[in-house]
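Visitor: I would like to learn how to read a structure of this kind. Please take one feature at a time.

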Amino acid sequence: MSVRLEMKNMTKRYGQFLANEGVSIAVGAGEVHAIVGENGAGKTTLMRMLYGMEEPTSGEILLDGKPVSFRGPDDAIRHGVGMVHQHFMLFPDFTVAENIVIGYEPKRGGFFDRAKAMADATALAERYRIPVSPTAVLGECSIGEQQRVEILKVLYQGAEIIILDEPTAVLTPMEVSELLATIRTLAEAGKSILLITHKLQEVMEVADRITVLRGGKVTGAVAAKDTSAEELARLMVGRDLEQLSERTEQRGEPLLVVHQVTMQEKKKKPVLDQVSFAVHHGEIVGIAGVSGNGQSELLQAISGLAAVQSGTIRLKDTDVTNRTVALIRETGLAHIPEDRYFWGAAKEETVAENALMGYHRLPAFSRGIIIQRKWFHHLVAAWIERFAIKTSSAHEKAGNLSGGNLQKLIVAREMGRETPLLLAAEPTRGVDIGAMETIHQALLEKRNKGDGILLVSSELSEILALSDRILVMFEGRIVGELSRAEATEEKISMLMAGGRGDGSTQATA
Ligand SMILES: Nc1ncnc2c1ncn2[C@@H]1O[C@H](COP(=O)(O)OP(=O)(O)OP(=O)(O)O)[C@@H](O)[C@H]1O
Ligand SMILES: [Mg+2]
């Protein structure tokens with residue numbers, strides 16, 4: 001296999017901090033090269049340098065043996081380096097085909113040649129067996145399809161080296177298998193793929209070689225056939241993972257009672273259809289389901305971010321149906337939101353200010369500014385330590401944190417409020433396996449203390465590891481409930497697909 005890309009001795013310094021230190025990797029044509037490592041290890045930084053988004057402090061990039069330096073992403077693309085972004089840079093009102101050719105539009109007589117764009121997009125999708133509908137409006141496509149459009153876009157731009165930074169974090173299990181298949185197809189066609197992911201099974205399934213980063217340095221470079229998920233975990237974290245603590249028998253009084261809640265836009269099919277369930281003190285209720293079946297709307301309704309048309313929601317003994325976010329939070333709710341960028345964090349503010357959000361109304365804050373500061377400083381420091389949030393100081397801009405560390409900060413903030421009820425949506429999205437363990441442990445401890453947790457996760461393994469009871473959502477309804485003892489991956493998957501969990505298919509109304 002000929003070496004297509006070499007990065008030699010790459011170093012990136014931010015002030016006193018070395019995000020990358022002497023990192024070297026080599027990637028062949030037709031190779032899938034995975035980059036793994038803890039949150040803040042420097043994975044994204046390395047890829048940003050390759051894509052021309054960050055200037056290396058020192059180091060050398062060689063393409064087919066020739067040194068290159070990119071002035072920006074456009075320059076990188078001209079040299080055949082493309083990056084698929086996690087937050088897609090696409091135009092929702094344009095069609096799939098228009099999004100694929102954008103910036104490189106086929107012209108005819110000086111004008112955009114729509115027919116050719118359509119034909120080109122279709123041919124490209126067929127050639128790499130990537131299923132998309134070229135005429136569909138992008139904004140109406142699923143997340144998985146939008147990601148396929150991003151991939152086709154970089155292929156259209158002529159990418160030979162394709163960077164994917166945590167592409168599977170936002171996908172359903174089905175879409176993950178499709179993406180892994182696409183990655184293999186691209187490699188077989190001679191493309192070089194750089195893949196960042198925290199899911200070691202995915203790495204073992206799709207990668208040829210793996211580079212492990214830790215604290216900005218390479219701690220291992222191995223062929224997939226010579227290693228195992230366990231060995232990779234050890235190289236990443238530097239220790240063996242622990243078992244979760246025991247769950248105590250805890251279930252108490254009902255804490256959250258959702259009764260026949262319906263959410264519906266005029267004349268459309270309801271997104272929540274007569275949903276009823278309860279979360280008790282001392283239990284974790286998991287909601288499983290393919291994303292887009294009402295889970296997001298349910299959490300928005302409970303937390304006051306969206307209104308319901310009928311039904312009631314009670315928290316403790318208060319009717320909180322259609323009340324304000326502030327009132328519901330004060331009543332006793334904390335919320336780890338599914339989209340940390342949209343609802344969760346202000347990237348321009350400091351780590352401390354982000355941690356503070358939502359605390360202003362607590363009693364400790366009405367006691368004068370000095371006490372507030374001291375008390376709060378203490379709290380933030382404790383969180384940074386407990387969740388191992390990697391930041392140079394509490395005064396650093398939150399936008400400088402790595403993706404996983406920002407997620408940990410939001411988890412810490414919401415758990416730190418010690419409310420009776422916690423809504424946890426995808427609580428471990430984007431965090432490394434060590435941090436996942438810490439967060440799972442913290443959730444279990446909260447439950448054992450007698451608080452209630454409503455957990456929504458697209459990771460079945462996470463639902464199974466944590467939940468006392470599992471509810472399955474399908475098309476806005478709860479279609480099944482399983483106890484911890486009876487739940488298996490097969491039964492849940494069946495219910496998620498709209499079946500009844502006993503092998504038969506549910507009649508759709
Ligand atoms: N612009 C910046 N200024 C200061 N520090 C930065 C900046 N960008 C990144 N860093 C720091 O560099 C380190 C590496 O960040 P990077 O985003 O590369 O991590 P990562 O390995 O991708 O982590 P994750 O798995 O959480 O995405 C982090 O500690 C981060 O805080
Ligand atoms: Mg990253």
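Predicted model: local features only at pLDDT ≥ 70, side-chain atom pairs only at ≥ 80, totals over all residues.

Visitor: How many residues of H14 are buried?

Guide: A residue is buried if 20 or more other C-beta atoms, placed from the backbone, lie within 10 Å of its own, exposed if 12 or fewer, and partly exposed in between. In H14, 13 of the 14 residues are buried, so the helix is largely enclosed by the rest of the structure.

Visitor: What span should H14 have?

Guide: The expected span of a helix is 1.5 Å times one less than its number of residues. For the 14 residues of H14 this gives 20 Å, and the end C-alpha atoms are 20 Å apart, which agrees.

Visitor: Where is Thr 419 placed, and what is it in contact with beyond its sequence neighbours?

Guide: Two residues are in contact if their C-beta atoms, placed from the backbone, lie within 7 Å. Thr 419 sits in the loop between H14 and strand E19 (421–425). Leaving aside neighbours within four places in sequence, Thr 419 is in contact with Gly 332, Leu 333 and Ala 334. Ala 334 is 85 residues from Thr 419 in sequence, yet their C-alpha atoms are 6.2 Å apart. Thr 419 is also buried, with 20 other C-beta atoms within 10 Å.

Visitor: Which residues come nearest to ligand 1?

Guide: A residue is near a molecule if its C-beta atom, placed from the backbone, lies within 6 Å of it. Of the 18 residues around ligand 1, the nearest are Asn 39, Thr 44, Thr 45, Ser 402 and Gly 404. Strand E2 (17–28), helix H1 (43–50) and helix H14 (403–416) are the elements that give two or more residues to this shell.

Visitor: How is the protein chain divided into domains?

Guide: Domain bounds come from an automatic or database domain assignment. Domain 1 covers 3–237, and domain 2 covers 254–345 + 419–496. Their contact takes 10 residues from domain 1 and 11 residues from domain 2. The C-alpha centres of the two domains lie 33 Å apart.

Terms used
Residues numbered from 1 in each chain as written. Chains lettered and ligands numbered in written order. Helix = DSSP H or I, 4+ residues; strand = E, 2+ residues; numbered from the N terminus.
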